[in-house]
Amino acid sequence: MAMVSEFLGQLSLNVAQEPLYPTVVPARDFDPDRDAARIETAIKTKGVDEQTIIDVLTKRTYSQRREIAFAYERRAKKDMITALKAALSGSLETVILGLMKSTSQYDASEIRGSIKGLGTDEETLIEILCSRSNDELVEIKRVYNEREFKTSWLF
């Protein structure tokens with residue numbers, strides 16, 4: 001749990017006033033190839049260099065993280081998300097993989113997780129459905145319907 005607290009403390013936030021948009025700001029001097037190389041080295045390091053992965057991915061916007069993932073794939077000839085899944089575990093894996101999703105992708109996966117299996121996680125549903133704008137809900141619905149969440153309810 002201390003790792004997650006440390007991770008959250010390192011997010012680059014811009015909160016001079018009440019934020020109206022996402023608060024992670026684009027990194028200056030951004031170079032996706034350099035970041036992809038750092039991530040590749042961190043994954044290949046014996047024991048995995050989790051701190052480097054945290055340092056790189058928490059200080060980049062979603063679009064920058066996507067560029068890093070594309071650069072990683074060109075460089076390593078494999079998917080960065082798959083490599084991160086194999087290298088990480090526990091709460092850190094959950095957080096890092098969540099960062100690799102867009103907001104609507106993340107919300108759609110959380111909704112799916114909250115209704116999957118026995119019981120329903122009403123708190124998650126309420127949090128997402130009551131705190132998003134109509135446009136955001138439409139986007140979440142679109143992502144939910146086009147992703148792997150489309151399943152047959154027939155057994």
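This is a predicted model: local features need pLDDT of at least 70, side-chain atom pairs count only at pLDDT 80 or more; totals for chains, interfaces and linings use all residues.
The protein has a mean pLDDT of 85, and 80% of its residues reach 70 or more. Among the elements of the protein, helix H2 (residues 32-44) has the highest mean pLDDT, at 96, whereas helix H1 (residues 2-9) has the lowest, at 60.

The protein contains nine helices and zero strands, giving the pattern α-α-α-α-α-α-α-α-α when read along the sequence. Of its 155 residues, 34% count as buried.

Side chains of opposite charge can pair when their charged atoms come close. A search of the whole structure finds seven salt bridges. One of them joins aspartate 35 to arginine 60, with the closest N and O atoms 2.8 Å apart. This pair links distant parts of the chain, since aspartate 35 belongs to helix H2 and arginine 60 to the loop between helix H3 (50-57) and helix H4 (62-76), 25 residues apart. Both aspartate 35 and arginine 60 are buried.

Another salt bridge is formed by aspartate 107 and arginine 132, where the closest N and O atoms are 2.8 Å apart. Here too the pair links distant parts of the chain: aspartate 107 sits in helix H7 (residues 103-115), and arginine 132 lies 25 residues away in the loop between H8 and helix H9 (134-146). The two partners can be told apart by their accessibility. Aspartate 107 has a relative accessible area of 4% and is therefore buried, while arginine 132, at 24%, counts as partly exposed.

Arginine 142 pairs with glutamate 146, and their closest N and O atoms are 2.8 Å apart. The two residues are four apart in helix H9, so about one helical turn separates them. Arginine 142 is partly exposed, with a relative accessible area of 40%, and glutamate 146 counts as exposed because its relative accessibility of 53% is over 50%.

Methionine 100 is located in the loop between helix H6 (90-99) and H7. With a relative accessibility of 3%, under the 20% cut-off, methionine 100 therefore counts as buried. Although methionine 100 and arginine 66 are 34 residues apart in sequence, their C-alpha atoms are 7.1 Å apart in space.

Backbone angles draw attention to two other loop residues. Valine 48, in the loop between H2 and H3, has a phi near 65°, a positive value in a residue other than glycine. Lysine 77 lies in the loop between H4 and helix H5 (80-87), and its phi, near 60°, is likewise positive in a residue other than glycine. Lysine 77 has a relative accessible area of 70%, so this residue is exposed.

Key. Residues are numbered from 1 along each chain as its sequence is written. Side-chain values use heavy atoms; hydrogens and water are left out. pLDDT is the predictor's confidence in each residue, from 0 to 100. Buried means under 20% relative accessible area, exposed over 50%, partly exposed in between (1.4 Å probe, protein chains only). A salt bridge is a side-chain nitrogen of Lys or Arg within 4 Å of a carboxyl oxygen of Asp or Glu.
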